[in-house]
Amino acid sequence: MSVSGEVARSPEFVQSLERGLAVIRAFDADHPQLTLSEVARRTGLTRAAARRFLLTLVELGYVHTDGRLFSLRARILDLGYAYLSGLGLPEIARRHMEALVAQVRESCSMSVLDGDEVVYVARVPTKRIMTVGISVGTRFPAYATSMGRVLLAAQPADWLGDYLATAELRPLTRRTVTDPVKLRAVLTKVAAQGYAIVDQELEEGLRSLAAPIHGEDGSVVAAVNVSAHATRGSFEVIRRDLLPPLLAAARRIEEDLRAGAGRASTAAGVVTG
């Protein structure tokens, strides 16, 4: 989160924008309210610089302050909504995700890859099975999640090689794959079979299965998953019960995506023809 590190930047890089975004990212579920000193410490900025950014955000309506504590206001959601509404995918996928949840009685999520993390863009919960809360915008390291592995497996070879050479693969549980060679083998298998299953690598007691969502051009644009507590049954039982419905839901989402793209192309032809 700190912006104090020296990194080579292009001549067009706007450092003040980077610092302003770092101030916004200083707030999270564990730190919804921060003092000026805490923001400065979490971003690596001086107190004076942090104060200027915070007060600017207050004037713009993105941050609230009572004079000592600062917190994000609901207007901050506007920054992400433009991306989500432009994507269109969560709206297309939601009814299929809801049907899947009703069928398997487990939570369903959709995410996209952002750097080395997955970002949740849609979620239909059924019951809480994780100790950490999940909502739209939640991020997890891609290497330890089923959706992340689906998305990583779809990346170009050069990109994936750089990722495996530089990613910090920390053990989140005793089962987490942290060896780059082993992770590459796992991703190769995921790409070949068309889905990923993660067994208690992100959190003890949590198993998840994910499938890719392909766009009209065949590229993987997102991933959708279902998660289940290990007490639901053995690894094989969970795969047997959850994988076929998940793959079917992914296919239906893709069909709707293609249909939507077709309608958009037809409409464009009518307008320009």
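Modeller: A residue is called buried under 20% relative accessible area, exposed over 50% and partly exposed in between, using a 1.4 Å probe and protein chains only. The model is predicted, with local features needing pLDDT of at least 70 and side-chain atom pairs pLDDT 80 or more, while totals for chains, interfaces and linings use all residues. Residues are numbered from 1 along each chain as its sequence is written, and side-chain values use heavy atoms, without hydrogens and water.

Rings of Phe, Tyr and Trp (its six-membered ring) pair if their centres lie within 6.5 Å; planes under 30 degrees apart are stacked, over 60 edge-to-face, the rest tilted. By this rule there are two aromatic pairs. One of them joins Y120 and F140, edge-to-face, with 5.8 Å from centre to centre and 80 degrees between the planes. This pair links distant parts of the chain, 20 residues apart: Y120 belongs to strand 5 (residues 117–124) and F140 to strand 6 (residues 139–141). Strands (E, at least two residues) and helices (H or I, at least four) are DSSP runs numbered from the N terminus. Y120 is buried at 6% relative accessibility, and F140 is buried at 9%.

The other pair is W159 with Y163: the planes stand at 5 degrees and the ring centres 5.6 Å apart, so this pair is stacked. Both residues sit in helix 7 (residues 157–166), four residues apart, which separates them by about one helical turn. W159 is partly exposed, its relative accessible area being 31%, whereas Y163 is buried at 6%.

R149 is found in helix 6 (residues 146–153). With a relative accessible area of 2%, R149 is buried. Leaving aside residues up to four places away in sequence, R149 touches (heavy atoms within 4.5 Å) a list of residues including A142, Y143, A144, V177, L183 and E201.

Helix 2 gives a further case. Within helix 2 (residues 36–43), L36, V39, A40 and T43 are the buried residues. The elements that these buried residues pack against are helix 1 (15–25), strand 1 (33–35), helix 3 (47–60) and strand 3 (69–72). Just after helix 2 comes G44, with a positive phi of about 80 degrees.
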